[in-house]
Every structure is written in structure tokens, then in C-alpha cells.
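Q: I have a structure open and would like to go through it with you. Could we start with the ligand and then move along the chain?

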Amino acid sequence: MSTPQTKPVAKPWIMAIAPYVPGRSTTDDGRKVVKLSSNENPLGTSPRAKEAFVSAADRLERYPDASATELRDVLAEKHGLDPERIIYGNGSDEVLHLAAGAFAGPGDEVIYVRYGFAVYEIAARRVGATPVIAPDTDYATDVDAILACVTEKTKLIYIANPNNPTGTYSTRAEIARLHAGLRPDILLVLDHAYAEYIEGDAEDGGMALAESASNVLVTRTFSKMYGLAAERIGWGYGSAEIIDAMHRIRLPFSITIAGTAAAVAALGDGEFVESTRAHNAEWRRWFSQEIDKLGNAGLRAVPSQANFVLVLFEGKLTAEVAYKGLMDAGYIVRWLPGQGLPHGLRITIGTAEETQGVMTALRDLVEAAG
Ligand SMILES: *Cc1c(COP(=O)(O)O)cnc(C)c1O
């Protein structure tokens, strides 16, 4: 006989989850400052998306279309996909959770890279699976290290490409090699949250793999390039069987009418996307170069293909001191000691003024540290 419990007891694998820590928007003393901690779009949202969002106020009494037909049709048209094989969710975070929910459970192993996206560990543990962490190569995804982690218990692999929080990118050849090295019963999830930011459209071939292979799921989001983080619209593409399994556990109404309308309108505003892409490429290049000029002081920018740069502090000025100093100067960035990066700050590319401002504040801190 087991000891009688006096209250409900959460599953041990749930209590093993370290709660997700979102990017902050205020300082310790509650001041509102420039937020460069959540990789949001500094140029805002497409005006067309805003308009569509506002119009949805006329339909507040209605349930959303549970099959998201319009959203799927527009996405399918834009990306040349089969609308029947598109899943959608409350942000791509939900889609990432659905993948683990449908394809992993107690006794199974889920692989992701060290310095990977924080949601993968939570998604794996939530279903009782065991997280397995593949070592990196100088902060970047190492395909051979991942393949070396595969065992007969492996059911799922999460890769963000570009990766968050490192900004690093795996080429089409590397992703193809990873896929070729996997058993067909292992689901490869390619998280393309930042795919739109890759320099020169050098996409990793993930969608083509998801189109033809039976074990690849690609996830995408409206939260970053499309500037709709508030509305929580994400989606995914995979084989009919993968999508069917995920639909069975999806909440029926996880995406809203207003969010869907805004997303559909945002897809039609290529100009906004192009201006965001150009802005980001210009200021990401500038910011990384300016950081590298501080190499003597031990600062280093990890090469990024996303809308943020991971800055490493390997000299006198520590990441912790810089984090606090930047907050005092009016900038909130992301310090990630909980993700094994006590020596790094992830800094979102802001507007021109914000990006120059945070750089000036960093230079001052380097100087003050001597
Ligand atoms: C921001 C981000 C997401 C997207 O999250 P949403 O739930 O779609 O807002 C997914 N994956 C990674 C790696 C991210 O950084």
C-alpha cells in the first residue's frame, strides 16, 4: 500500500519542468525601457493586418472556424503547399507541444541542442519523455553530435534553424545529412520561427523535406517577421499522417478570429515583410561589426541569421554586469544563465535609434570596466 496523499499530486515529470522565463519589459524598479529581450518586430505590424484585426470586432460573439480554412488556403497558395497538411496553433509554441504530445511519451527520448529553444525541454518533459542534449560546436548546431545521441528510444528531434538564442544557422546540406542519418520512425521537427530573416534566402530545404519525407515537420510563426506576437498564430507542415495525429489533441479553438484575420492580411503585405527584412539585415550587420570591434575587451558576436545577436563576454566586463548596466541605461536585453549562458546576452535588433543606443551604452560599459 502506498502512503495516502492529502492533496492532488502533480506528476513527477511535470514538477521536473523549470518554468519558462519570458523576456522582461520593465526594469527591477519598474521603469519602462526599450525592450530588446523578446525578438519582436521593431517596425511593428503591417497596417493591413491592423485593419483586419480591428474589423474582426464585428464578430466577437462567434466561435472561430475550427478548421482555419482561409488561413490554410492562403498559406498553401503562398508557399505552394497542400492545405490539408497544414496544422495551426496558439503560436508555433502550441504546434511544438502538439508534436511531442502525439509522438513522444514516458520512456522515449527527445533530442535538442545545448543552447536550444527553451520550449523544447518543456514540451518533452510535459509528456513524460526524457530530454537528451546534444553538444554544440562553438554555439552552433552539430549534426554529427545529434546523430551520436540517437538511441533506439529516440522518437523526436527539435532543431530551430536559425537557432534561438544563438542565431546560428545550419545549411541545406547539413539538414539533409541529418535527415538522411535518422531512422524513418524518428520525427524531425524543424522550427523555422526565424526562416524569413536568413541572408539571401538561403533556406534550409526543410519545406521540401516536409513535402516528400514521412518524418519531417516544419513549424512557422507570425510572431517574428510578421509582427503579430500578441495574436499567437503559428502553423506547421508535414505528412498527412503526422498532421492527422496532431489534430487529435489540438484544442478545437486555439486560434482566434482577429488573429487569423490579421495573419491572412499580413501574408498579403509583401512590402512590410521586405522592409523588415532589409532593416534587420542592415542593422544586424552593423551591430555585429561594432561588437567585434570590442574584441580586445573580450566581446564577441556569434554569427546570426536571425533578428537578434548573441553577444559573448569573455573579458573584464561580464554579461551580468553588462545586463544590469544596460538596464540602468534604459535597455532590457536577455541574459540567459538558466540556459547555460551566464556569459552571454541575447540582444534583439531594434529600430536604428534603439540599436545605436544599446551599442553606445555597451561601449560605455566596456570603457567603465577598464
Ligand atoms: C519565437 C520563437 C518561436 C515562436 O513562438 P510563437 O509561439 O509562434 O510566438 C518558436 N521557436 C523559436 C525558436 C522562437 O524563438
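This is a predicted model: local features need pLDDT of at least 70, side-chain atom pairs count only at pLDDT 80 or more; totals for chains, interfaces and linings use all residues.

Q: What about the side chain of Tyr194?
A: An N or O atom in the Tyr194 side chain is 2.6 Å from an oxygen atom of the ligand.

Q: How much of the accessible area of the ligand does the protein cover?
A: On its own the ligand has 390 Å² of accessible area, and the protein covers 94% of that.

Q: Which residues come nearest to the ligand?
A: There are 13 residues around the ligand, and those that come nearest are Asp191, Tyr194, Thr221, Ser223 and Lys224.

Q: Which helix gives the most to the shell?
A: Helix α4, residues 91-103, gives the most, with 3 residues.

Q: What is omega for the bond between Asn161 and Pro162?
A: Omega is about -5 degrees there, and the peptide bond between Asn161 and Pro162 is cis. Pro162 is found in the loop between β5 and α7.

Q: Thr168 then: where does it lie, and is it buried or exposed?
A: Thr168 lies in the loop between β5 (154-160) and α7 (172-180). Thr168 is classed as buried because its relative accessibility is 7%, and the cut-off for buried is under 20%.

Q: Which side chain does Thr168 contact?
A: The side chain of Thr168 makes a polar contact of 2.7 Å with the side chain of Thr166.

Q: Changing topic, what about Thr355? Where is it, and is it buried or exposed?
A: Thr355 lies in helix α13, residues 352-369. Its relative accessible area is 2%, so Thr355 is buried. A polar atom of the Thr355 side chain lies 3.2 Å from the backbone nitrogen of Gly350.

Q: Now backbone angles. What is phi at Asn39?
A: Asn39 has a positive phi of about 60 degrees although it is not a glycine. Asn39 lies in the loop between β1 (34-35) and α2 (47-55).

Q: Why does Asn39 count as buried?
A: Asn39 counts as buried because its relative accessibility is 1%.

Q: What is phi at Asp138?
A: Phi at Asp138 is positive, about 45 degrees, although Asp138 is not a glycine. Asp138 sits in the loop between β4 (130-134) and α6 (143-149).

Q: Ser214 next: buried or exposed?
A: Ser214 counts as exposed because its relative accessibility is 53%, and exposed requires over 50%. Ser214 is found in the loop between α8 (206-212) and β7.

Q: How far apart are Ser214 and Phe313?
A: From C-alpha to C-alpha they are 42 Å apart in space, and 99 residues separate Ser214 and Phe313 in sequence.

Q: And Phe308, where is it, and how far is it from Thr45?
A: Phe308 is in strand β10, residues 308-313. Phe308 and Thr45 are 263 residues apart in sequence and 18 Å apart in space, C-alpha to C-alpha. Phe308 has 0% relative accessibility and therefore counts as buried.

Q: Last one: where does Leu228 lie, and is it buried or exposed?
A: Leu228 lies in the loop between β7 (216-221) and β8 (233-237). With a relative accessible area of 7%, Leu228 is buried.

Definitions and conventions:
Residues are numbered from 1 along each chain as its sequence is written. Side-chain values use heavy atoms; hydrogens and water are left out. A residue is near a molecule or strand if one of its heavy atoms lies within 4 Å of it. A polar contact is a pair of N or O atoms within 3.5 Å; within protein, one must be able to donate a hydrogen and the other to accept it, and residues adjacent in sequence count only if both atoms are side-chain atoms. Accessible areas come from the Shrake-Rupley method with a 1.4 Å probe; for residues, only the protein chains shown count as cover. Helices (H or I, at least four residues) and strands (E, at least two) are DSSP runs, numbered from the N terminus. Buried means under 20% relative accessible area, exposed over 50%, partly exposed in between (1.4 Å probe, protein chains only).
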